[in-house]
Amino acid sequence: MSKKPAKNTEQNFDITIIGGGLVGLTAAIGLAQSGFSVAVVERAPKGDLTAAEYDGRASALAFATCRMLEALGIWRHMEKFAQPINEIRVSDGPSLLHLHFDHKALGEGPLGNMVENRHTRIALFDRVAELENIRLFQGKEVETMERTVEKIVVSLAGGAQITSKLMLGTDGRNSMVRRSANIPVSVFDYKQHGIVCSIEHEIGHEGIAHERFLPAGPFAILPLTGNRSSLVWTEKSHLVKTIMALPERSFAAEIQRRTGDFLGKVKPAGGRWAYPLSLQYADAYTDTRMAILGDAAHGIHPIAGQGLNLGLRDVAALIEVITDSASVGLDIGSEQVLNGYAGWRHADNATLISVTDLLNRLFSNDVAPVRAARDIGLAVVNEIPPLKNFFMSHARGTVGELPKLLRGEAP
Ligand SMILES: Cc1cc2nc3c(=O)[nH]c(=O)nc-3n(C[C@H](O)[C@H](O)[C@H](O)COP(=O)(O)OP(=O)(O)OC[C@H]3O[C@@H](n4cnc5c(N)ncnc54)[C@H](O)[C@@H]3O)c2cc1C
């Protein structure tokens, strides 16, 4: 494996990553830790990505994801911003039937942690700075990409040319890497937006996440450090412009109405963001000397807080596949190696993609018989401990054929 190259215009790396978001930077760190030299091309300047106004989201990171971030030396940079999720309470509008998950039932650690994306990004940049064999090309646009059976050459605006054996597309839902390979993508527009903001409240949240199903869709109240929570308010798209333009007092009143009084008086803290929600999945995850990961490969509804967790499972699987292959002398960009990644991840992602889609359709629906059936479903699951434990293990991300990193081991 090659060492960090000199800063000339033609540079060689083992791997080029296009897109330095949460998935791309985690991949770079894991690959560098396995001894590969990595170039990361990110179009946004670092200052933009870590600014408070860039991304108002906080992510529920499953227990297994946190274990992976720990194994990669990232967790220690973000731990102080993490709020453990001890319980999840699911309720359907005014119905008295509900579902309650408590981590104590499994006798293990929390179900996961809530961390604001901004803090995760800062932690990733801090970890990248500790690793010699990652080179960031930040604030740079890709001008051309040439893929042949032997190598990949990426040319950047401004003259730099990066040659490598493998290119990873972690450039999000509108992935240029995916489009460049003409990989078809299926898209379903939910005609919903996720309105996101943080709130401060009088009463502590006790580490409990609440998911309420309201007629327009799920309304999630997710615990952050201190007396703060992150809201994901799913709303019909045609109403979002009006809600986003509400004066602060009216916006606060709408939030209080949906939150209820269990947190006492609540008030929005900081900005508001609105994300269009859709389901999309790529038909293939690989092509000649390239693979796509994270939202570039699959974008799902945030109803179960699993999109980033899935992307990081892609990262863990890919790192394991190519580290194993390199150790027996295989070409890391070969079809044989990349098929190992694609086969593993297609099967795992397909299940969660279908489940989140089904959940959103079922719970963003106010038809009386559907409401009655889902309420009975919640109550039944709540009364059957093995079924509850099964769902909790899924929320913790500890189910399925786990790559080593998700078990907290080096790949
Ligand atoms: C409202 C909401 C709440 C969510 N909550 C959760 C949650 O609780 N838990 C969870 O697991 N997931 C959650 N998700 C999903 C999660 O946010 C995404 O799955 C995750 O951000 C995807 O990360 P990514 O790195 O793949 O893509 P992105 O975050 O889109 O990053 C892509 C990066 O690539 C860069 N880029 C794009 N094009 C180029 C190019 N041509 N050249 C160079 N760089 C480029 C971009 O600037 C960006 O930095 C939520 C999503 C939404 C909408």
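Predicted model: local features only at pLDDT ≥ 70, side-chain atom pairs only at ≥ 80, totals over all residues.

Biologist: How many salt bridges does the structure hold?

Modeller: Side chains of opposite charge can pair when their charged atoms come close. The structure holds 21 such salt bridges. One of them joins the side chains of E87 and R89, with 3.2 Å from N to O.

Biologist: Is E87 buried or exposed?

Modeller: E87 counts as buried because its relative accessibility is 12%, and buried means under 20%. R89, at 35%, is partly exposed.

Biologist: Which parts of the chain does the salt bridge between R228 and E116 link?

Modeller: In that salt bridge the closest N and O atoms are 3.0 Å apart. The pair links distant parts of the chain, with R228 in strand β17 and E116 in strand β8, 112 residues apart. R228 is partly exposed at 22% relative accessibility, whereas E116 is buried at 15%.

Biologist: Where do R173 and D295 lie?

Modeller: The side chains of R173 and D295 meet in a salt bridge of 3.8 Å, N to O. This pair also links distant parts of the chain: R173 lies in the loop between β13 and α5, and D295 in the loop between β20 and β21, 122 residues apart. R173 has a relative accessible area of 26% and is partly exposed; D295 is likewise partly exposed, at 32%. Elsewhere, salt bridges that share partners join E235, E254, R257 and R258 into one network.

Biologist: What is the nearest side chain of opposite charge to R212?

Modeller: That side chain is D261, 7.4 Å away. R212 is buried and has no salt bridge, since a salt bridge requires the nitrogen and oxygen to be within 4 Å. R212 lies in strand β15, and a polar atom of its side chain is 2.8 Å from the backbone oxygen of T259. Beyond its neighbours within four places in sequence, the contacts of R212 include S91, F219, R258, T259 and F262.

Biologist: How many cavities of 30 Å³ or more does a search of the whole structure find?

Modeller: Rolling a probe the size of a water molecule over the atoms shows where empty space is left. In this structure the search finds one cavity of 30 Å³ or more. The largest cavity has a volume of about 40 Å³.

Biologist: Which residues line the largest cavity?

Modeller: The lining consists of L22, T26, L61, L69, T120, L124, L308 and L312. Helices α1, α4 and α8 each supply at least two residues of this lining.

Methods
Residues numbered from 1 in each chain as written. Heavy atoms only, no water. Helix = DSSP H or I, 4+ residues; strand = E, 2+ residues; numbered from the N terminus. Buried < 20%, exposed > 50% of the residue type's maximum accessible area, 1.4 Å probe, protein only. Lys, Arg positive; Asp, Glu negative; His and termini not counted. Polar contact = N/O pair within 3.5 Å; in protein donor to acceptor, adjacent residues only side chain to side chain. Contact = heavy atoms within 4.5 Å. 1 Å grid on protein atoms, 1.4 Å probe; cavity = no way out; pocket = protein on both sides within 12 Å on 5 of 7 lines; lining within 4 Å. Points joined across faces, edges and corners; volume = space filled by probe spheres on them.
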